[in-house]
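Grab a pencil and open the viewer. Here are a few exercises, each with a worked solution to check yourself against.

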Amino acid sequence: LLYTIKFEDMKKKIAFLLTSMGSSVIIAGLSSFRDVQCKVNSWDNNWDHRKPESLVKPGTSIDKIKQKTSTARRTIYVVRHGQYEQEHKDDKSRKLTTLGRQQAECTGKYFANLGVKFSSFTASTMTRANETGEIIFDLLNVNSSDDDKSLEFEKTDLLREGYPIEAVPYHRFKPQIHEFTEGSRIEAAFRKFLSRADYDQEEDSHEIVVCHANVIRYFICRVLQNNPQGWLRMSLANGSITEIVLSPNGHVSVVGIGDKSHIPVDMISYS
């Protein structure tokens, strides 16, 4: 949609009020802003291909469409791993630093005191994310009752760090082979972990995903339907939490991007 805001009436009123003040410069300035054009992108309510009408054949009765309509809300907490040893090149050696483990503990304690029951816990298979996930997961189990230990620790290669898509503005040279091979995997991770609840999900859910900065930033752009090439315009602290709420009608709310308020100031890092 293209909205055009015209300033002709405004110019006349300002000219009448300010003529005696010799404000010809102001009026001339308004002339240069005669038309202000703002491009507004419409929201695709079927962004996750789970809109009820898209799950049934055309002409299906309203009653059957209602059977395919989601009623639950999903809250996804996407966590960036803690600080890690960067001097090594192989993944197995890039373990959490002492500070990184402390950051993960802060995040785990935050979740343990949140007062909600988590329905899923998934981490990237990369060492730094896996170690972060283990620390958080253990703290959740320590603070849960014996009857409430059904949460399982799952791991997936889909969440591994990578280069999702060419960044705009240009940051630094990166061979296209990276986005060509890693971009489709990260997009697949987005489609797997971020969507409105399935129609057969009866209760609201709270889910934790532990992964990496590039993956999280791409997720944020995609779920808000912003240009994904803007993923590198954000910075995320180690151990930070990005909370994404997915409503049953397809609406999305990002409650916090890279929230680090649970981590003491002297423990914040971005490596």
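**Exercise 1. Decide whether Ser271 is buried or exposed, and find what it touches.**

Step 1: Keep in mind that this is a predicted model. Ser271 sits in the segment after β8.

Step 2: Look up its relative accessible area, which is 19%. Buried means under 20%, so Ser271 counts as buried.

Step 3: Now list the contacts. Leaving out residues up to four places away in sequence, Ser271 touches Arg80, His81, Gln83, Tyr84, Gln86 and Asn238.

**Exercise 2. Work out the strand order of the open sheet and say which strands stand at the edges.**

Step 1: Walk across the sheet. Its six strands come in the order β5-β4-β6-β3-β7-β8, and the pairing is mixed.

Step 2: Check the two ends of that order. β5 (153–156) and β8 each have a single partner strand, so one side of each has no neighbour in the sheet.

Step 3: Ignoring direction, neighbouring strands here are turned by 20° against each other on average.

Step 4: Zoom in on one pair. β4 (residues 120–124) and β6 run parallel and are joined by four bridges. In this part of the sheet, Ser120 stands opposite Glu207 in β6.

Step 5: α5 (residues 127–142) lies across β3, β4, β5 and β6, and runs at about 155° to β4.

**Exercise 3. Explain why helix α7 is described as largely enclosed by the rest of the structure.**

Step 1: Name some of them. Among the buried residues are Ala213, Arg217, Tyr218, Phe219 and Val223.

Step 2: Find the cover. What lies over the buried residues of α7 includes the strands β3 (74–80), β6 (205–211), β7 (241–246) and β8 (252–259), plus helix α6 (176–193).

Step 3: Peek past the end of the helix. Just after α7, Gln225 takes a positive phi of about 60°.

**Exercise 4. Sum up the whole chain: how many helices and strands does it have, and what percentage of its residues is buried?**

Step 1: Tally the secondary structure, which comes to seven helices and eight strands.

Step 2: Turn to burial. Of the 271 residues in the protein chain, 41% are buried.

Step 3: Finish with the surface. The chain exposes about 15800 Å², and carbon and sulfur atoms supply 51% of that.

Key:
Residues numbered from 1 in each chain as written. Predicted model: local features only at pLDDT ≥ 70, side-chain atom pairs only at ≥ 80, totals over all residues. Heavy atoms only, no water. Buried < 20%, exposed > 50% of the residue type's maximum accessible area, 1.4 Å probe, protein only. Helix = DSSP H or I, 4+ residues; strand = E, 2+ residues; numbered from the N terminus. Contact = heavy atoms within 4.5 Å. Pairing = 2+ DSSP bridges. Axes fitted to C-alpha atoms, helices over the stretch in contact; angles between N-to-C directions. Areas by Shrake-Rupley, 256 points an atom, 1.4 Å probe, with all protein chains shown as cover.
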